[in-house]
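Have the sequence and the 3D view open side by side as you read.

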Amino acid sequence: MIKSGLIGCLLYCSTTVWAQVNWMNFEQLDSALTKAPKPTVVFLEAEWCAYCKKMQKEAFTYTAIQQLLNDKFYAVKLDIENPNPCVFDGKVFNGASNKGFHEMAYLFAEEGEEPVTPTLAILDMEFKFLTIKRNYLSRKELLNLLRKAH
């Protein structure tokens, strides 16, 4: 009895602690979409963003969200202050500089506005927006969005 309880606890803890979202960057996404198209979730964050960290800790560690993201979507994370350029769909997007944010981040901002964090966008297989949220999402809100989108 104790042995089976211990094994169950170890299995639960190992999936809870070690499971994670398979995040990729836009270059990896470009290659993946060519091989096997599926919807994409893009998460814009910044190192200084407290709500981004809260979503990472409270929502993206939830097993049901991790499973949905890993099984039904490609998950891309972009730090809006990343200074490195990236290539996506044959175009070069410049990294952040002292004059602004990463060029890719502006694709997820409101027209004429600066990117905000956290931002979560869900795009279909043709890379058209299904939904975009420019605010903190609780575990429940994120799970509902993902379920509706797939």
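A residue is called buried when its relative accessible area is under 20%, exposed when it is over 50%, and partly exposed in between. Keep in mind that this is a predicted model.

**The cysteines**

Let's start with sulfur. How many disulfides does the count come to? The count comes to one disulfide, and it joins Cys49 to Cys52 with an S to S distance of 2.4 Å. A disulfide is a covalent bond between the sulfur atoms of two cysteines. The torsion about the S-S bond of Cys49 and Cys52 is about 80°, so this disulfide is right-handed.

Are the two partners buried or exposed? Cys49 is buried, at a relative accessible area of 4%, and Cys52 is buried too, at 1%. Cys86 is another buried cysteine, with a relative accessible area of 8%.

**The salt bridges**

Next come the charged pairs. The structure holds two salt bridges, and here they are side by side:

| Glu110 | Arg134 | 3.8 Å |

Take the pair of Glu110 and Arg134, whose side chains meet in a salt bridge. Glu110 lies in the loop between helix H5 (103–106) and strand S6 (119–123), while Arg134 lies in the loop between strand S7 (129–133) and helix H6 (139–149), so the pair ties together parts that are 24 residues apart in sequence. Glu110 is partly exposed, with a relative accessible area of 48%, and Arg134 is also partly exposed, at 30%.

**The S6–S7 hairpin**

S6 and S7 pair in the antiparallel sense over four bridges. They form a hairpin with five residues between them, and Phe127 in the turn has a positive phi of about 65°.

Thr131 itself lies in strand S7 and is buried, with 19% relative accessibility. Why does a value of 19% make Thr131 buried? Because the cut-off for buried is under 20%, Thr131 at 19% counts as buried. Leaving aside neighbours within four places in sequence, Thr131 is in contact with Leu120, Ala121, Ile122 and Leu145.

Leu145 takes us to the helix. In H6, Leu142, Leu143, Leu145 and Leu146 are buried. Seen down the axis of H6, the buried residues fall within an arc of 160°, so they line one face of the helix. On the other side of H6, Lys140 and Lys148 are exposed.

What do the buried residues of H6 pack against? They pack against strand S2 (40–45), helix H4 (63–72), S6 and S7.

The largest nonpolar core has 40 residues, and those with the most contacts inside it are Phe26, Phe60, Leu120 and Leu146.

Terms used: Residues numbered from 1 in each chain as written. Predicted model: local features only at pLDDT ≥ 70, side-chain atom pairs only at ≥ 80, totals over all residues. Heavy atoms only, no water. Disulfide = S-S within 2.5 Å. Buried < 20%, exposed > 50% of the residue type's maximum accessible area, 1.4 Å probe, protein only. Salt bridge = Lys/Arg side-chain N within 4 Å of Asp/Glu carboxyl O. Helix = DSSP H or I, 4+ residues; strand = E, 2+ residues; numbered from the N terminus. Contact = heavy atoms within 4.5 Å. Arc of directions from axis to C-beta. Core = buried A, V, L, I, M, F, W, Y, C linked by side-chain atoms within 4.5 Å. Pairing = 2+ DSSP bridges.
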